[in-house]
Every structure is written in structure tokens, then in C-alpha cells.
Amino acid sequence: MSIEKVRAYFRPLGIEGRILEFPVSSATVELAAAAVGVEGARIAKSLSFKIEDKPVIIVAAGDAKVDNGKYKAQFHTKAKMLTHEEAHSLIGHDVGGVCPFALPEDVKVYLDVSLKRFGTVFPAAGSGNSAIELTCEELERYSSNFQQWVDVCKAWQSEG
């Protein structure tokens, strides 16, 4: 189970005890927000894409949507999400529990600036009923294969 991989990944960092497990699903932004008890925007959703046949994860605020123009400008390719099967085999987490932790070495992680407006955010922790509360600094530090902060989303800014 992928939550066990995440727990093992967090153990040497001393934060495995911070994983929240819910008796209900947290597999979507809405369900996670209800389970955690926060606004949906504070759910850090992990979206899995393919860039040149390599899997990448972009973690964005729950109310943000990938902007195809910004994505193409950043990654020089069209946004192509992984299928459920590809997420399972290439990322190692199933859709609903995809997170930026305990990933294979070839899976690069990018964090979207839409997260930076919050003191803490709640990414999944490897299962469809888990989360962990982290500051953006912690999210950057603990994400596997963190690459950089990017600006590839829209709809989260009042003027956007």
C-alpha cells in the first residue's frame, strides 16, 4: 500500500506521525477539504503528467486549474495527464492518493505558486483517505525529486 511507502519515507524525517488518516475518502479536493475541515483551496492536489515520456507531478492549490498556455511555456510541450494505469505504474501511487512523496527517482516534482498564499496546505499521503499538513517550505523540502516552483495554473487569483 502506498501510504506505507510514504510513512516509511517520512520516518527518517521524523514526520510520519503527522500523517492524517480518515474514515472517509479524501480522493478529491472536495472530499479532502471535508475530511480535513478546511477550504478546498488549501488541499494541495498532485497532478501527474508526462513530459517526453517521463512522469512529472505538479502540486497545485485545490482551486487552481492548469493553464495550457502557461504549462506549454514552462515545459515546452502540451499538458498530457497520465492515465490511472500510468499513474499506478510510473508514479507508484493510485489516483486519489497521488502525492509528491516516496517517488521513483525519475519522477520530478514541481510546486505551483498557487500554494504560496497559505500558511499550511494538505497534500495526500499516498492513499485515498490520507493527508499531511505542511508549510510550503516543508512541502518543498520533503517532496521527492523537487525541481522548482512554477506558475502554470489559473483561476486561483481573483484577477485571473
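First, the ground rules. The model is predicted, so local features need pLDDT of at least 70, side-chain atom pairs count only at pLDDT 80 or more, and totals for chains, interfaces and linings use all residues. Residues are numbered from 1 along each chain as its sequence is written, and side-chain values use heavy atoms, with hydrogens and water left out.

Now the whole chain. It holds 5 helices and 9 strands. Those are DSSP runs, numbered from the N terminus: helices are H or I with at least four residues, strands are E with at least two. Starting at the N terminus, the order is α-β-α-β-β-β-α-α-β-β-β-α-β-β. The radius of gyration is 14 Å, close to the 15 Å that the globule rule gives for 160 residues, so the chain is as compact as a globular protein of that length. That radius is taken over C-alpha atoms, and the rule is 2.2 Å times the number of residues to the power 0.38. The C-alpha trace spans about 40 × 35 × 25 Å along its principal axes.

How much of the chain is buried? Of the 160 residues, 49%. Buried means under 20% relative accessible area, exposed means over 50%, and partly exposed is in between, with a 1.4 Å probe and protein chains only.

Next, contacts, meaning heavy atoms within 4.5 Å. Take those between residues at least 6 apart in sequence: 67% of them join residues at least 24 apart.

Let's zoom in on helix α4, residues 84-91. Its buried residues are Glu-86, Ala-87 and Ile-91. They sit on the same side of α4, because they cover an arc of only 100° around the axis. The arc is that of the directions from the helix axis to the C-beta atoms. What do these buried residues pack against? Strands β2 and β3, the latter being 54-61. On the other side of α4, His-84, Glu-85 and Ser-89 are exposed. Just after the helix comes Gly-92, with a positive phi of about 95°.

Stay with β2, residues 43-51. Ser-48 is in this strand. Ser-48 counts as buried because its relative accessibility is 6%. Leave out residues up to four places away in sequence, and Ser-48 touches Val-56, Ile-57, Met-81, Leu-82, Ala-87 and Ile-91.

On to strand β7, residues 130-132, where we find Ala-131. Buried or exposed? Ala-131 is buried, at a relative accessible area of 3%. Now look along the chain. Ala-131 and Leu-20 are 111 residues apart, yet their C-alpha atoms are separated by 5.2 Å. Leu-20 is also one of the residues that Ala-131 touches, with those up to four places away in sequence not counted. The list also includes Arg-18, Phe-22, Val-36 and Phe-122.

Last stop: Ala-35, in helix α2, residues 29-36. Ala-35 counts as partly exposed because its relative accessibility is 23%. Beyond four places away in sequence, Ala-35 touches Phe-22, Val-24 and Ser-26. Phe-22 is a contact of Ala-131 as well.
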